[in-house]
Amino acid sequence: MFSQSCMDLRNLISVEDLWYMNRVPKVIRVPGLISELGTTSTTTTTTTTTTNSDEIENNNNNRVSRKRIIIVSNQLPIRGTRVEGTGQWCFEYDFNGGLALELRDVLSADVEVVYVGCLKVEIDEDVQDDVAAQLLEKFRCVPVFLPNEIRDKYYHGFCKHYLWPLFHYMLPMMSVHGPRFDREQWTAYTISNKLFANRVTEIFNPEDDYVWINDYHLMLLPTLLRRRFYRVKLGFFLHSPFPSSEIYRTLPVREEILHGLLNCDLIGFHTFDYARHFLTCCSRMMGIDYQSKRGYIGLDYHGRTITVKILPVGVHMGHLQRDLSHDETAKMVKELKERYNGKIVMLGLDDMDMFKGISFKIKAMKQLLCGQNVLKGKAVLIQILNPARSRGQDIQDVESEIADLAKETNEMFGEPGYEPVVIINGPLSSQEKAAYYAIADCCVVTPVRDGMNLVPYKYTVCRQGSPVLDEALGIDKAAQPKKSMIVVSEFIGCSPSLSGAIRVNPWNIDDLSSGMYHGITAKDAEKELRHEKHYKYISTHDVSYWAKSFDHDLVRACKLHDDMRFWSMGMGLRFRVVALSKNFKKLSMDHAVWTYSGMNNRLILLDYDGTVIPENSADKTPSSKVISVLNSLCSDPKNIVFIVSGK
């Protein structure tokens with residue numbers, strides 16, 4: 001008999017395809033069930049098949065020592081360009097592609113990493129298979145091809161214009177405040193998650209692979225995978241905030257998304273606040289309580305223990321140090337030092353986003369110059385704007401407001417050769433960003449809500465510098481201790497980790513302006529002390545520490561899988577599994593009747609709500625049929641019948 005997970009794989013991929021990928025052993029083992037791949041009818045064929053299978057099994061034994069993690073994100077860390085003339089696609093790693101690519105570098109050498117996600121470019125349908133084969137072979141990437149209409153409604157619709165604002169505490173009270181829940185967009189979100197599940201299934205080995213899902217784009221994927229593979233080893237990390245229960249409960253599909261997260265083995269959050277909000281939602285909406293034991297938070301959900309991990313992400317120290325040692329960075333730092341010679345530089349670096357608080361920053365700069373005449377002609381706010389990740393009227397409104405405020409401030413305080421607010425529209429290379437970080441006296445980060453935000457971390461590392469940078473600037477590292485100052489919003493995920501930062505409420509312009517003034521006027525000894533404190537934490541809690549900790553906890557959360565039996569419950573997106581001990585035996589009707597007949601003394605306990613009467617029934621009177629059954633039970637002298645009720 002084939003296991004269900006084995007049948008799913010056989011239906012989606014041929015054995016030959018799996019042999020080609022060198023991933024399938026002769027036997028797939030699922031606890032309690034052993035399934036042979038392939039049968040033979042003659043002696044000659046049997047001999048040949050055994051030989052080939054042994055070779056494949058030997059190859060697999062050589063690879064089994066390498067654990068494999070399938071990292072699933074909305075986008076692959078791949079950049080694609082089309083060659084003019086030939087029409088052929090050329091791909092390369094996108095080293096500005098964010099966290100996904102960094103995981104490949106920082107996980108252990110014995111861990112194989114495979115990526116699943118969408119490409120940033122549109123691929124014609126007739127070449128999708130060739131592109132997929134090329135990406136798997138060269139980059140260990142499996143692309144998900146979404147139809148244009150589905151992708152637009154999924155990403156730019158439900159994800160970016162509904163779920164993203166709601167998770168950042170923005171409710172569309174009126175239509176001008178943003179789009180409201182749209183059933184078509186939700187359908188596109190569901191379809192997209194199913195297409196992701198199909199791609200993961202094609203390469204998934206239920207016995208050995210771990211699946212690591214990232215962010216709010218794929219919150220239904222755990223349910224879809226758990227439905228196909230009961231023992232899938234599944235982790236999920238949310239890189240955005242998780243809102244309070246009062247906000248989350250407004251979501252019309254709140255239970256479907258909660259069920260999705262609860263089908264994981266490990267759920268990760270950047271801060272305790274985000275985890276606490278999630279646990280409160282589970283308690284208030286699902287009646288699930290949590291326990292904290294030995295530093296771990298666990299949810300007991302239908303016999304499964306779901307671990308909740310609080311783990312702020314860090315920066316990739318290697319990538320930053322590489323940029324700081326680059327000749328282009330040193331050259332640009334020299335140019336910027338000359339350009340802003342004698343100026344006090346404050347730096348902001350944000351995505352073009354309504355939640356980044358960029359307008360508050362410029363307003364605070366204007367107020368700072370109004371109240372401090374000594375800073376006129378000296379203080380400069382450089383604001384770098386990364387391209388928006390979505391599109392819509394809200395982005396246009398933010399762009400317009402920023403441009404108007406910067407123009408107003410520059411007209412009021414600007415002089416020949418002096419511009420108090422400098423707006424730089426990106427994208428900038430990582431070397432250019434490192435150069436701006438390196439010359440800034442103070443970094444100002446003021447989002448009104450943000451999941452983590454690593455800008456202060458990158459700023460601190462760049463202020464630490466490098467031998468190449470110090471030599472280019474003529475700095476004696478021993479004689480000149482490093483210093484930096486950070487003004488950070490109290491509403492972002494990195495704020496609790498930066499104990500030496502000046503925390504401000506960005507909604508309070510007076511508070512923000514005061515924080516900026518403190519940041520640029522503090523004494524050198526204070527700047528050095530704060531910098532040393534931050535750099536020590538950031539350099540030891542980098543992305544490598546984050547990834548390895550999450551990986552370790554995922555293995556720990558899944559270690560009891562083989563000791564449990566699983567049964568399915570629920571339909572559709574409310575599917576979940578019940579985990580029970582291997583010794584558990586399901587009660588059969590025949591066994592119950594046989595035992596009942598052989599007993600001389602029977603105690604029968606019947607619950608009132610849900611047994612004697614239907615649960616949540618308005619009519620609390622038992623039906624005549626139920627009364628007849630009760631009378632029949634009570635007429636037997638061997639029976640003692642109790643009806644139990646809390647009413």
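Author: What follows is a short exchange on labels and the values behind them. This is a predicted model: local features need pLDDT of at least 70, side-chain atom pairs count only at pLDDT 80 or more, and totals for chains, interfaces and linings use all residues. Residues are numbered from 1 along each chain as its sequence is written, and side-chain values use heavy atoms, with hydrogens and water left out.

Reader: Why is C443 called buried?

Author: Buried means under 20% relative accessible area, exposed over 50%, and partly exposed in between (1.4 Å probe, protein chains only). C443 has 0% relative accessibility, so it counts as buried.

Reader: What makes F158 and Y189 a tilted pair?

Author: Rings of Phe, Tyr and Trp (its six-membered ring) pair if their centres lie within 6.5 Å; planes under 30 degrees apart count as stacked, over 60 as edge-to-face and the rest as tilted. Here the centres are 4.8 Å apart and the planes at 50°, so the pair is tilted. F158 is buried, at 0% relative accessibility. Y189 is buried too, at 0%.

Reader: Why is the pair of F242 and F278 called edge-to-face?

Author: Their planes stand at 85°, with 5.6 Å centre to centre.
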